[in-house]
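I opened this model to look up a few residues and the nonpolar cores. My notes follow in the order of looking.

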Amino acid sequence: ISHGCVPFSQKMIITKAENNIIYEINNTPVLEMLETYIDADEMGDWTRPTSNVCLGFKDEDHEETDEFYVRFMPGKDDTTGSVIIPSVIKPGTPVWLVRRDLDKIENGIDSIFTSIKSKIGQREPLAMFHFECCGRGKRIMNTETKNHLLNKLQSNVSKNTPWIGFYPIGEMAPLDGRNCFHNYTAVVVGLYNKK
């Protein structure tokens, strides 16, 4: 699992939220707070800023993942100044603004194949399944870069294994033995004979 985002804001606190709607961060309506980081033209076309900017939360309970887990903001409400995320959040939760980073995405690909190889050794996988968030695709990478990363991952895991995948909007993958929801993430699963 790798998400490839880096923080670009200071730590902030969610001060008003209900279920999956965040109304205020640092006692300021979320959309007003975002205007200090995102150009006004981009705020008018919500798909533009949310292609690269998302919310990062510390994940201290999971050693298998990155420092942050990220949440996409698929919707907003201009009247209340709120944003919607695809999971429940509580007031008092620390949050950072994070953005996509191509170097971190490539380093994440390296860590994925290193992790897979450490688990399967010299065994050849029977099949590989690859779930790559659609938000990691054409909006931030050109086709050449995307193909380079995919070829790098496939050739380092196995050159002969059937490989199938798709671009979902949100990914599921286990961390420390429990299923977790992810955004902007690459999840790679290998099936192999256990010896």
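Entry 1, a loop residue. I looked up Val88 and found it in the loop between strand E8 (82-84) and E9; helices (H or I, at least four residues) and strands (E, at least two) are DSSP runs, numbered from the N terminus. The model is a predicted one, where local features need pLDDT of at least 70 and side-chain atom pairs count only at pLDDT 80 or more, while totals for chains, interfaces and linings use all residues. Residues are numbered from 1 along each chain as its sequence is written, and side-chain values use heavy atoms, with hydrogens and water left out.

Is Val88 buried or exposed? I noted Val88 as exposed because its relative accessible area is 60%; buried means under 20%, exposed over 50%, and partly exposed in between (1.4 Å probe, protein chains only). I then listed what Val88 touches, not counting residues up to four places away in sequence: Asn19 and Asn20. Contact here means heavy atoms within 4.5 Å. Val88 and Asn20 are 68 residues apart in sequence, yet their C-alpha atoms are 4.3 Å apart in space.

I looked up the largest nonpolar core, which has 21 residues; Ile14, Ile22, Ile25, Leu34, Leu55, Met73 and Val83 touch the most other members. Such a core is a set of buried Ala, Val, Leu, Ile, Met, Phe, Trp, Tyr and Cys residues joined through side-chain atoms within 4.5 Å. At least two residues of this core come from each of strand E2 (12-18), strand E3 (21-25), helix H1 (30-34), strand E5 (53-58) and strand E9 (94-100). H1 gives the most, with 4 residues. For Leu34, I recorded contacts with Met43, Trp46, Met73, Val83 and Leu97, again not counting residues up to four places away in sequence. I also found a second, separate core of 15 residues, which includes Ile112, Met141, Leu153 and Val188.

I located Glu132 in strand E10. Glu132 counts as buried because its relative accessibility is 6%. Its side chain makes a polar contact with the side chain of His130 at 2.6 Å (a pair of N or O atoms within 3.5 Å; within protein, one must be able to donate a hydrogen and the other to accept it, and residues adjacent in sequence count only if both atoms are side-chain atoms). Leaving aside neighbours within four places in sequence, Glu132 is in contact with Lys146, Phe166, Tyr167, Pro168, Thr185 and Ala186.
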